[in-house]
Each structure stands twice: as C-alpha cells, then as structure tokens.
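I opened a new page in my notebook today to record what I looked up, entry by entry.

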Amino acid sequence: MAMPDSEPLWVDDAAGPVVRPYAMTRGRAAAQNRFNVISQVVAAQPAPALEVGIGPEHIAIVNLCQRPLALAEVAAHLGLPLGTIRVLLDDLLARRLVKVIEPKPHTTLPDDSVFEALINGIRAL
Amino acid sequence: MESGHSEGEGGTALPTATKILIAGGFGVGKTTLVGSVSETAPLRTEEILSEKGIGVDDLAGVESKSTTTVAMDFGRISFGEDLVLYLFGTPGQDRFWFVWDELAHGALGAVVLADTRRLADCFPSVDYFERHHLPFIVAVNCFDEARRYSLDEVKLALSIDPDVPVMLCDARQRESSKDVLITLIEHVRKSRSRAGDPQPAGS
C-alpha cells in the first residue's frame with residue numbers, strides 16, 4: 001500500500017487564515033452591535049491610511065464598501081466570519097469611516113410597494 | 001443594538017434590503033435554488049459559534065472543540081439601484097437555532113424545500129417557522145427518481161395550515177425558482193393583510 005498521499009496537504013485556503021480572526025479584532029470576540037446580516041454597509045470616506053487601530057482589514061472593508069454591500073457580502077468577499085466583520089465595523093463606525101443602515105422591518109412598511117416591486121422584478125429576471 | 005449608525009442622510013442612496021430564507025434538509029437543493037435565480041454564483045459566509053451557542057446534546061465526539069463554524073450560502077438579486085433581495089440558505093444542521101434566529105430576523109418569509117423521499121427532513125424547518133410566525137411556503141423539489149406524491153398528500157403529511165401554499169418545483173430551473181419566490185411573496189403579502197400587525201420574526 002502506498003502511503004505518501006495519505007497525509008493531507010494544508011496549503012493555501014485549506015491551511016486556514018494565517019492571521020487568526022481574533023488577532024484582527026485584537027482579541028475581541030463580541031461586537032457592540034448586532035447588525036442584521038443584510039444591513040447595508042457603505043463607506044463614508046475614502047479608505048484611510050494604516051495607523052494605530054486601523055489594520056489592513058479595516059481598509060479592505062472601506063475599499064469594498066465604496067458601493068453599498070450587505071454585512072454578509074462583506075464577510076464573504078473578505079473571507080472572514082460575520083462576527084469578525086461586526087467587530088471591525090464597531091471600529092469603523094467609531095471613526096465615522098462607514099455608515100451601516102439596518103433594514104426596515106417589513107411589518108412597518110406603509111404599503112404594498114415593496115412586495116409589488118419584488119414580484120415584478122422577479123418576473124422580469 | 002441601535003447605537004453608532006446613522007440614517008443615510010445625503011450622500012449615497014442606500015437600497016432597500018430584503019431577505020428570504022431557503023430552508024429544508026441536507027442535500028434538498030437549497031444552494032441550487034439560490035444559485036439558479038441569483039445574479040452571481042452563491043456566496044458563502046461563516047459564523048463562528050462558541051460552545052454555549054450550540055445545543056448541549058450535540059457535542060459528543062467533539063469535546064476538544066471550543067468553537068464550531070457554521071456556513072451559510074446566499075445570493076443576491078438587485079432590482080435597479082434601490083431594491084435588493086438576498087436569499088439565504090439556512091445551515092443544514094438544524095441544531096444551530098442561534099444562527100436561524102439571526103437569519104430569520106427581519107426576513108420577509110421562507111421557502112421550505114422538501115424532498116418526498118425524505119419528507120421528515122423538513123419538519124424542523126416547518127416547526128421553526130410556525131413557532132416564529134414567519135410566513136412560509138413548501139416547495140417540493142422534484143428529483144428524477146422520486147415517487148410523486150400529490151400535493152395534498154404532502155400537505156397532510158406535514159399537517160400545515162391549509163392556507164400555506166404547497167407547490168412543485170425544480171430548483172435547477174431559473175423559471176421554476178422564480179415561481180417559487182413569487183408564490184412566497186404573494187403569500188407573505190396576503191398573510192400580512194390578513195393578520196394586520198404580525199409579530200416580527202425572531203423576536
């Protein structure tokens with residue numbers, strides 16, 4: 001029986017992140033916010049330079065969100081867990097580098113227009 | 001938490017973001033459905049849970065693990081600049097109710113995908129949405145080799161409210177998946193006008 005291939009090779013993405021998520025958040029596991037996964041994140045300013053308290057991941061979020069993206073999209077594009085993105089958003093909000101808009105609860109919508117727009121939009125796909 | 005963010009005054013106009021959940025048992029076609037109607041291939045995001053977030057009965061064999069990663073696949077459909085619909089596949093492992101609560105919060109409604117060969121796999125999803133008063137429909141994904149049951153038989157087996165739509169679909173087909181979403185949204189609209197002031201999901 002040949003054995004050489006039985007050891008899994010941990011390379012690239014399979015090896016996991018080189019920098020652990022908690023290192024990016026300086027040890028903070030929990031964010032102050034509980035933003036919805038579809039909360040829209042949008043940059044309020046151009047990306048800042050690296051400085052104390054602003055790491056490459058913060059800058060990556062600001063760059064990515066020059067157009068609005070959902071929290072889950074930010075996480076997926078950067079390959080980071082949702083919880084990590086939430087912590088980083090706390091930092092960015094404190095510096096007014098991004099805005100985060102929570103979705104309106106649909107139960108409070110005054111009329112049918114969103115339902116109409118969704119149905120017509122899906123039909124037209 | 002509501003602190004630390006502002007409404008979009010001036011600047012970039014932000015789209016209205018809406019969300020629909022795609023639930024059902026493992027391998028029933030959730031990600032296939034998401035992919036067949038979304039504008040890009042499904043994206044994947046992860047939530048890392050510590051032990052306390054996970055059902056205590058389910059840690060047998062993983063005692064050495066202090067965290068678990070739960071993956072969610074989702075897709076995006078944009079309608080012009082000001083309306084976006086996100087489709088979230090719920091994590092297949094039904095024990096991660098913590099993640100379900102997070103996903104269900106603010107969702108318009110849910111599609112429960114069912115496979116008639118393993119109908120019981122969708123019971124936990126049906127129970128969850130009934131308990132949380134989130135409007136849902138049941139879409140029976142037609143696998144080629146599956147015996148066809150009538151929709152009434154499926155409805156009876158699931159013992160769901162007669163108002164809940166039950167339909168056939170083929171999650172691989174874009175037109176079929178579009179029909180599923182439209183059926184759900186029409187059902188949500190009806191439930192909303194019937195109920196007047198429904199309970200928000202996830203509360």
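I began with a term I had to look up: a crossing is left-handed if the near helix is turned anticlockwise from the far one by less than a right angle, and right-handed if clockwise. I also noted that this is a predicted model, in which local features need pLDDT of at least 70 and side-chain atom pairs count only at pLDDT 80 or more, while totals for chains, interfaces and linings use all residues. Residues are numbered from 1 along each chain as its sequence is written, and chains are lettered from A, with ligands numbered from 1, in the order in which they are written.

**Entry: chain A as a whole**

I found that chain A has five helices and three strands, where helices (H or I, at least four residues) and strands (E, at least two) are DSSP runs numbered from the N terminus. Along the sequence I read the pattern α-β-α-β-α-α-β-α for chain A. Of its 125 residues, 38% count as buried; a residue is buried if 20 or more other C-beta atoms lie within 10 Å of its own, exposed if 12 or fewer, and partly exposed in between, with the C-beta atoms placed from the backbone.

**Entry: two helices of chain A**

The crossing of helix 2 and helix 3 of chain A is right-handed.

Which residues of the two helices meet? I listed A:Glu57, A:Ala60, A:Ile61 and A:Leu64 from helix 2 of chain A, and A:Val74, A:His77 and A:Leu78 from helix 3 of chain A, where contact means that the C-beta atoms, placed from the backbone, lie within 7 Å.

**Entry: where chain A touches chain B**

I noted that 36 residues of chain A are in contact with 39 residues of chain B. On the side of chain A that touches chain B, the largest share, eight residues, comes from helix 5 of chain A. That side divides into 22 nonpolar, eight polar and six charged residues, with Ala, Val, Leu, Ile, Met, Phe, Trp, Tyr, Cys and Pro counted as nonpolar, Asp, Glu, Lys and Arg as charged, and the others, Gly among them, as polar.

I then picked A:Leu118, which is in helix 5 of chain A. A:Leu118 is buried, because 25 other C-beta atoms lie within 10 Å, and its contacts, not counting residues up to four places away in sequence, are B:Thr18, B:Leu85 and B:Ile185.

**Entry: two loop residues of chain B**

I found B:His133 in the loop between helix 3 (123-131) and strand 6 (136-141) of chain B, with a positive phi of about 55° although B:His133 is not a glycine. Is B:Ser159 buried or exposed? B:Ser159 is exposed, with 8 other C-beta atoms within 10 Å, whereas B:His133 is partly exposed, with 14. B:Ser159 lies in the loop between helix 4 (151-158) and strand 7 (166-169) of chain B, and its phi is near 40°, a positive value in a residue other than glycine.
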